[in-house]
Amino acid sequence: MEENPNIHRLFHDGKEIILVGTAHVSKKSADLVRSVILEERPDAVCVELCESRLKSIREKDRWRDMDIIKVIKEKKTFLILANLILASFQKKVGKKLDAAPGGEMTAAIEAAEETGARIETADRDIRVTLSRAWRALGLWDKVKILFQLVASSGEVDKITEEDIEKMKDKDALDSILSEIGESAPALRAIIIDERDRFLAHRIQNAPGEKIVAVAGAGHVPGIRTHIGSDAGIEGLETIPPKTRLSAIVKWGLPLAVLGLFAWGFFAGGARAGGDMIMWWVIANGVMAALGALAALARPATILSALAAAPLTSLNPMIAAGWVSGLVEAFSSKPKVRDFETLPDDILSVKGFWKNKVTRILLVVVFTNIGSSAGTLIAIPILMKIL
C-alpha cells in the first residue's frame, strides 16, 4: 500500500500491527480504513470502541430503551447530558461535511465482516471513562464543561473539511493535547493517557498475527509509545472511591450550616435564628426554582424545586434536582416519539428544551446548579446575621 502518514506499521511479539490514525468525522478516514482492511486482510480488526458503543452502532435505536427515571436515580444525569451535547456537536459537524460521526469505525466493522476478520473492541468502557473523569471534577468544573460544550456548538459553521483533516496532523494534535494538559491535567490523564495505555494493551493482545487497529489520531502517539510495554491495565477499569476530603465536605457543610442555625438561636435569640432559617429557605428555594424555570420545567416541577432545595441542601444523600427531575418525569412523561426524535432534536439548542427526555435532564442539572448557588449565597447572609 502507498505510504500514508496516518498508517503506522508496528511489530510486537511476532505480530504485525497496522495502526490507522483517523479523524472521527471524516469521509477520507472512512475510505482509508476500508481500503487498508481490504488490502491487508488481517486476522483481527481492533476498533476504538467499547462493547456498549459497538452495540450502539449496530442498534441505532437503542435510545428508545433509556429509562429516564433510572438515569436520575443512579445519578447519571450530568454524564448523559454531557454525552448528548458532545454527540450533538459531532452530528452537526458530520451533517455539514456529509460524513457520519464515527463513520471510520462503521467502515472498519463492515470491512472486517467482509474479509472474515475478527472484530475486537479495544477501548475502555465509556461509562468507566466518563465516571472516572467526572469524579475528578468539581461541580464548577462540570458546569464549565457543559457550557463549553454548548458554546462549541456555535462554532460548527466555521469548521471545514480541511480543518478536520488537519486534526490528523501530529503537530496540531500535540498542541491541542498540551492545552488540555495545562488546563485540566487530571482530565487529560483519564480521557487521553489512560486510554492510550488501555488501547495499546488490547491491541497488542488481540488474536492473530496480523492486526489492523483503528483509532483517533490523537491516540496514535500514546499507543505507539505503549505498544510492547509490560505495564498492565490493572486499576484502569475500576471507578475509584470518593476521597475522604469529598466525604468531609459532603457531610461537613450541612453540619456547619445546622451549627450556624443553632448558634443563631443561642447567641441571637429566636429572632436571629428565625431570620437565618428564612434567608436559607429563600436563597436555596428561589435559586433552585429559577434553575428549574430556566429548563422550562412545568409549574409543579418549579414548585417542587422551591420546596425541596432548602431541605435537600442539608441532606447529603439527596439533591434538589433529583426531586424536581422525578416530578418533571412523572408529570410530563416522555413518549415513544420523544426517543425517536432525540437524535434530530439534539442538533439544536432549542431541541434540547423541546424534547421531553433532554428537558428532564436539564431540569435535574439546572435545579442542582441553582440549589448550589443558593447555598453559596445563603452562607454569607447567615454569617452576617450572626
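Because the model is predicted, local features need pLDDT of at least 70 and side-chain atom pairs count only at pLDDT 80 or more, while totals for chains, interfaces and linings use all residues. Residues are numbered from 1 along each chain as its sequence is written, and side-chain values use heavy atoms, with hydrogens and water left out.

Confidence comes first. The predictor's confidence in each residue, pLDDT, runs from 0 to 100. Its mean for the protein chain is 80, with 76% of the residues reaching 70 or more. Where pLDDT is low, the predicted coordinates should not be read in detail.

On to the overall build. The protein chain has 18 helices and five strands, taken as DSSP runs numbered from the N terminus (helices: H or I, at least four residues; strands: E, at least two). Of its 386 residues, 47% are buried. Here buried means under 20% relative accessible area, exposed means over 50%, and partly exposed is in between (1.4 Å probe, protein chains only). Among contacts with a separation of 6 or more, 79% link residues 24 or more positions apart.

Strand β5 (residues 210–216) is mostly covered, with six of its seven residues buried. Strands count as paired if DSSP finds at least two bridges between them. Strand β2 (residues 15–22) runs parallel to β5 and is joined to it by seven bridges; Ile17, for instance, has Ile211 in β5 as its bridge partner. Strand β3 (residues 44–47) also runs parallel to β5, with four bridges, and Val47 stands opposite Val214 in β5.

Next come the charged pairs. Side chains of opposite charge can pair when their charged atoms come close. With a salt bridge taken as a side-chain nitrogen of Lys or Arg within 4 Å of a carboxyl oxygen of Asp or Glu, the count comes to 11. One of them joins Glu114 and Arg34, whose closest N and O atoms are 3.0 Å apart. This pair links distant parts of the chain, 80 residues apart: Glu114 sits in helix α5 (residues 103–115) and Arg34 in helix α1 (residues 27–40).

Asp123 pairs with Arg53, at 2.4 Å between the closest N and O atoms. Asp123 lies in the loop between β4 (118–121) and α6 (126–135) and Arg53 in helix α2 (residues 51–58), so the pair ties together parts 70 residues apart in sequence. Asp123 is buried at 3% relative accessible area, whereas Arg53 is partly exposed at 21%.

Arg124 forms a salt bridge with Glu194, the closest N and O atoms being 2.7 Å apart. Arg124 lies in the loop between β4 and α6 and Glu194 in helix α10 (residues 185–204), so parts 70 residues apart in sequence are tied together here. Both ends are tucked away: Arg124 is buried at 1%, and Glu194 is buried at 12%. Elsewhere, Arg9, Glu16, Glu40 and Lys210 are linked in a network of salt bridges.

Finally, the surface. The protein chain exposes about 19,700 Å², 59% of it supplied by carbon and sulfur atoms. A nonpolar patch includes Met278, Trp279 and Leu303. Helix α12 (244–294) and α13 (299–312) each give two or more residues to the patch, with α12 giving the most, six.

Methods. Contact means heavy atoms within 4.5 Å. Accessible areas come from the Shrake-Rupley method with a 1.4 Å probe; for residues, only the protein chains shown count as cover. Patches are made of residues with over 30% relative accessible area and no salt bridge: like charges are joined within 9 Å, nonpolar side chains (Val, Leu, Ile, Met, Phe, Trp, Tyr) within 5 Å.
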